[in-house]
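Please read the points with the structure in view.

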Amino acid sequence: MTEVLGVSVGASAVRMARPDARPQNSGRLGFHHDTVDAYWDRAEELAAESIGVVLSQSGDGSPVQATGVAYRDQQQFGEIQQAMASQRLYNYRLVPEARAALQYLEASGELGHFGTIGLYDLGSSGLTISVIDRGTGQVLLAERTIDISGDDFDRLISDNQLAKQGVDIADNQELSQFTARCRVAKEQLSTSGAVCLPGDGGVILISREAFESLVTVPIEYSARLVRDVIGRSPKHVDALVLIGGGARIPLVESILSAWIGLPVITPADPESVAARGAALLATPVADAPRQPTPAPGVRQSSSEPASLSGAPDWLSPDPATDKPADSKRKVRGAVLVAGGLVAVAALGLSLGYGGGSTQPTSAPAETTAPITAVPTTPRTTVPPTTAPPTTTTVPPTTEAAQAPARTYSEPEYDPPAAPAPAPAPAPLIPGLPQIQLPQIQLPPPPVIQLPRF
């Protein structure tokens with residue numbers, strides 16, 4: 001079996017799950033769990049560091065081939081990607097928490113015949129209520145609030161205990177440590193009727209009944225939110241599933257069952273459902289770097305790829321793409337062709353119209369060869385031969401030859417001799433395109449008849 005790792009990132013803890021290669025006696029797939037306490041501003045960084053440590057350890061089995069990380073929203077999506085990139089980790093996939101939870105619930109068989117389910121995820125930082133179509137896996141509706149959370153329950157216990165003892169802790173560090181002990185007391189109250197925790201800040205002594213009296217109002221408030229979301233769902237909700245650390249509180253299930261009127265399902269270890277589902281959805285990333293994952297703090301060579309797996313386009317830096325060399329040659333060839341055409345045009349103007357030559361008003365039409373662009377590839381140019389090109393030239397006609405003969409009593413005026421033949425065509429210049437320039441024929445001078453007196 002391919003070794004996979006599933007991770008969920010909470011505000012107060014990072015949870016990791018690895019499926020057991022050997023199924024349990026019941027036939028269900030077992031998981032190995034690890035929990036790392038986190039802080040508000042270090043949850044994503046701690047998750048990336050923990051994943052790096054797990055990947056660097058071979059353990060007693062084969063190394064991890066794929067990692068799935070469940071994210072809560074788009075903001076956490078980007079924070080996880082940045083944290084993983086800082087650790088040079090690329091072979092992982094990010095999956096939504098709701099999808100990961102549905103994947104595990106399907107594999108565990110706890111959903112039964114229910115079609116559309118409501119997901120009640122009460123964690124340390126807030127409450128997320130989702131409606132999921134089991135057939136398509138689509139989230140039809142989702143809402144999140146921070147008005148109720150596991151951290152609020154911890155503060156309620158802390159305020160209650162400090163008020164009973166008449167102690168006011170001014171130091172923030174001591175207050176944080178005392179609140180952390182209240183969180184431990186809250187977790188123990190899920191299975192115990194009363195808890196007594198001695199410590200430097202004082203003894204925490206609280207019963208389950210006292211705790212439930214503190215959290216009844218917030219839990220009822222969450223039940224109203226669930227009822228509102230279910231009422232706006234485009235499909236009828238068949239059951240409500242409780243996940244997250246808050247699902248361990250017995251009062252949560254009892255209040256929701258009474259307020260919602262739907263079957264309520266609380267899976268075992270509800271706080272690690274997302275991590276287990278992420279492990280089931282983990283698959284190797286095809287475009288991940290082939291080199292071994294470097295240890296945290298080791299810099300990667302700049303020649304190595306730096307793409308982020310499963311990331312949005314704006315977070316995934318694309319490798320620089322060089323333009324092909326033939327495109328540069330094409331551009332250079334086009335410039336040479338254009339320059340050659342301009343030179344040919346200038347030469348034609350200077351030979352045809354320069355030097356003070358007179359243009360005839362009507363020249364005989366001749367067929368000229370089309371201008372051919374000089375190819376960009378070098379070639380051997382054959383020098384022109386001395387023989388002039390074959391050109392059929394129509395001899396010029398004079399008005400004297402075309403005019404009818406006139407009769408006078410006196411001797412007629414003798415016309416001047418015929419004009420000299422047209423000059424030979426200009427020689428071709430080697431190295432330039434072989435262009436045949438038209439020959440210019442000058443008309444004969446007019447015949448002037450002088451009257452005789």
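Which residues of α2 are buried? Point 2 gives the list.

1. Basis. This is a predicted model, in which local features need pLDDT of at least 70, side-chain atom pairs count only at pLDDT 80 or more, and totals for chains, interfaces and linings use all residues. Residues are numbered from 1 along each chain as its sequence is written, and side-chain values use heavy atoms, with hydrogens and water left out.

2. Helix α2. The buried residues of α2 are Gln76, Phe77, Gly78, Ile80, Gln81, Ala83 and Met84. Buried means under 20% relative accessible area; exposed means over 50%; partly exposed lies in between (1.4 Å probe, protein chains only). Helices (H or I, at least four residues) and strands (E, at least two) are DSSP runs, numbered from the N terminus. The buried residues of α2 pack against β1 (4-9), α1 (43-56), β4 (66-71), β5 (93-96) and α3 (97-108). Contact here means heavy atoms within 4.5 Å.

3. Length of α2. Helix α2 covers residues 74-86, and its 13 residues should span 18 Å at 1.5 Å a residue. The expected span is 1.5 Å times one less than the number of residues. The end C-alpha atoms of α2 are 19 Å apart, which agrees.

4. Arg88 is a residue other than glycine. Its place is the loop between α2 and β5. With a relative accessible area of 26%, Arg88 is partly exposed.

5. Whole chain. The protein chain holds 10 helices and 12 strands. Of its 453 residues, 34% count as buried. Take the contacts in the chain with a separation of 6 or more: residues 24 or more positions apart account for 63% of them.

6. Helix α4. At 1.5 Å a residue, the 16 residues of α4 should span 22 Å; the end C-alpha atoms are 23 Å apart, which agrees. Gly150, Asp151, Phe153, Asp154, Ile157, Ser158, Asn160, Gln161 and Leu162 are buried in α4. The buried residues of α4 pack against β6 (116-122), α5, β10 (204-207) and α6. Just after α4, Gly166 has a positive phi of about 65°.

7. The α4 and α5 pair. Two packed helices are described by the angle between their axes and the distance between the axes. Helix α4 (residues 150-165) and helix α5 (residues 172-188) have axes that come within 8 Å and cross at roughly 110°. That makes α4 roughly perpendicular to α5. Axes are lines fitted to C-alpha atoms, for helices over the stretch in contact, and angles run from 0 to 180 degrees between N-to-C directions. Angles of 65 to 115 degrees count as roughly perpendicular, under 35 as roughly parallel, over 145 as roughly antiparallel, and the rest as oblique.

8. Who meets whom. From α4, Gly150, Phe153, Asp154, Ile157, Ser158, Gln161 and Leu162 take part; from α5, they meet Leu175, Phe178, Thr179, Cys182, Arg183 and Lys186. By class, this contact of α4 with α5 has 6 nonpolar, 4 polar and 3 charged residues. Ala, Val, Leu, Ile, Met, Phe, Trp, Tyr, Cys and Pro count as nonpolar, Asp, Glu, Lys and Arg as charged, and the others, Gly among them, as polar.

9. Asp154 and Thr179. Asp154 lies in α4 and is buried, at 2% relative accessible area. Leaving aside neighbours within four places in sequence, Asp154 is in contact with Thr179, Cys182, Arg183 and Lys186. Thr179 sits in α5 and counts as buried at 18% relative accessibility. With the neighbours within four places left aside, Thr179 is in contact with Asp154 and Ser158.

10. Nonpolar core. Which members of the largest nonpolar core touch the most other members? They are Tyr120, Phe153, Phe211, Val226, Leu242, Val252 and Leu256, out of 39 residues. The largest share of this core, 8 residues, comes from helix α6 (residues 208-231). Such a core is a set of buried Ala, Val, Leu, Ile, Met, Phe, Trp, Tyr and Cys residues joined through side-chain atoms within 4.5 Å. Leu256 touches Tyr120, Ala223, Val226, Leu240, Leu242, Gly261 and Val264, not counting residues up to four places away in sequence.
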